[in-house]
Amino acid sequence: MTEGPSPTVTVEPFVLTPTIPSMAPGESYPSPSVTPSPEACAPTPPDALGPFYKPGAPVRDRVGQGHVLRGVVRSSADCAPIAGAQIEFWLAGPDGRYADAYRATVFAGPDGTYRFESHFPPAYSGRPPHIHIRVTAPGYQTLVTQYYPQPGQTDGILDLVLIPTR
């Protein structure tokens with residue numbers, strides 16, 4: 001039996017595309033006191049940190065305007081909100097380059113909620129529009145993920161579900 005050339009394997013990158021309910025202007029995200037279904041508390045899938053992470057982003061909830069991302073940081077153990085979780089965001093600027101002007105650190109509120117506003121992230125070098133996210137909280141594994149908004153989307157909802165360390 002003769003062997004032919006090795007087959008070519010194409011691996012598609014994992015893309016986290018959350019289902020985003022449409023929201024009218026002025027409408028707010030549902031109260032975090034409403035306990036979601038157990039499926040809603042599956043851990044957020046991790047994604048690549050990427051080469052442009054830089055610790056120490058300034059504490060601010062806005063690095064531009066036009067796209068608002070909001071949600072609740074929760075525990076995968078019981079869906080409880082995680083107050084005070086540190087959420088770091090970084091994304092490319094409108095020119096497709098990363099810069100300190102497009103980095104921010106946000107802390108989840110007492111009810112686990114967060115809100116971050118930026119410009120719509122550009123596609124670059126074959127990558128789809130995305131926002132990098134790194135979440136830390138005492139007693140939980142660090143989460144590194146990415147959010148992929150759909151073209152034309154101005155609001156996004158992404159709950160960040162962390163795994164307890166104990």
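A: By class, 4 nonpolar and 3 charged residues, and no polar ones, line the largest cavity (Ala, Val, Leu, Ile, Met, Phe, Trp, Tyr, Cys and Pro count as nonpolar; Asp, Glu, Lys and Arg as charged; the others, Gly among them, as polar). The model is predicted, so local features need pLDDT of at least 70 and side-chain atom pairs count only at pLDDT 80 or more, while totals for chains, interfaces and linings use all residues. Residues are numbered from 1 along each chain as its sequence is written, and side-chain values use heavy atoms, with hydrogens and water left out.

The lining residues are Y53, K54, A57, E88, F89, W90 and R103. Strand β2 (residues 86–92) supplies the largest share, 3 residues (strands are DSSP E runs of at least two residues, numbered from the N terminus). The space inside is about 30 Å³, and a search of the whole structure finds 1 cavity of 30 Å³ or more. Here a cavity is a set of points on a 1 Å grid over the protein atoms alone where a 1.4 Å probe fits but cannot get out, and lining residues have an atom within 4 Å of a point; points are joined across faces, edges and corners, and the volume is the space filled by probe spheres set on them.

F89 of this lining is among the contacts of Y114 beyond four places in sequence, which also include I87, V106 and L160 (heavy atoms within 4.5 Å). Y114 belongs to strand β4 and is buried, with a relative accessible area of 4% (under 20% is buried, over 50% exposed, in between partly exposed, with a 1.4 Å probe and protein chains only). Its side chain reaches the backbone oxygen of L158 at 2.6 Å.

Turning to the aromatic rings, the structure holds 5 aromatic pairs (Phe, Tyr and six-membered Trp rings with centres within 6.5 Å; planes under 30 degrees apart are stacked, over 60 edge-to-face, the rest tilted). F52 and Y98 are stacked, because their ring centres lie 4.4 Å apart and their planes meet at 10 degrees. This pair spans 46 residues, from the segment before β1 (67–75) to strand β3 (residues 98–107). F52 is partly exposed at 37% relative accessibility, whereas Y98 is buried at 15%. Y98 also pairs edge-to-face with Y124, with centres 5.8 Å apart and planes at 85 degrees. Y124 sits in the loop between β4 (113–118) and β5 (131–136), 26 residues from Y98.

Methods: On a 1 Å grid over the protein atoms alone, a cavity is a set of points where a 1.4 Å probe fits but cannot get out, and a pocket is an open set with protein on both sides within 12 Å along at least five of seven lines; lining residues have an atom within 4 Å of a point. Helices (H or I, at least four residues) and strands (E, at least two) are DSSP runs, numbered from the N terminus. A polar contact is a pair of N or O atoms within 3.5 Å; within protein, one must be able to donate a hydrogen and the other to accept it, and residues adjacent in sequence count only if both atoms are side-chain atoms.
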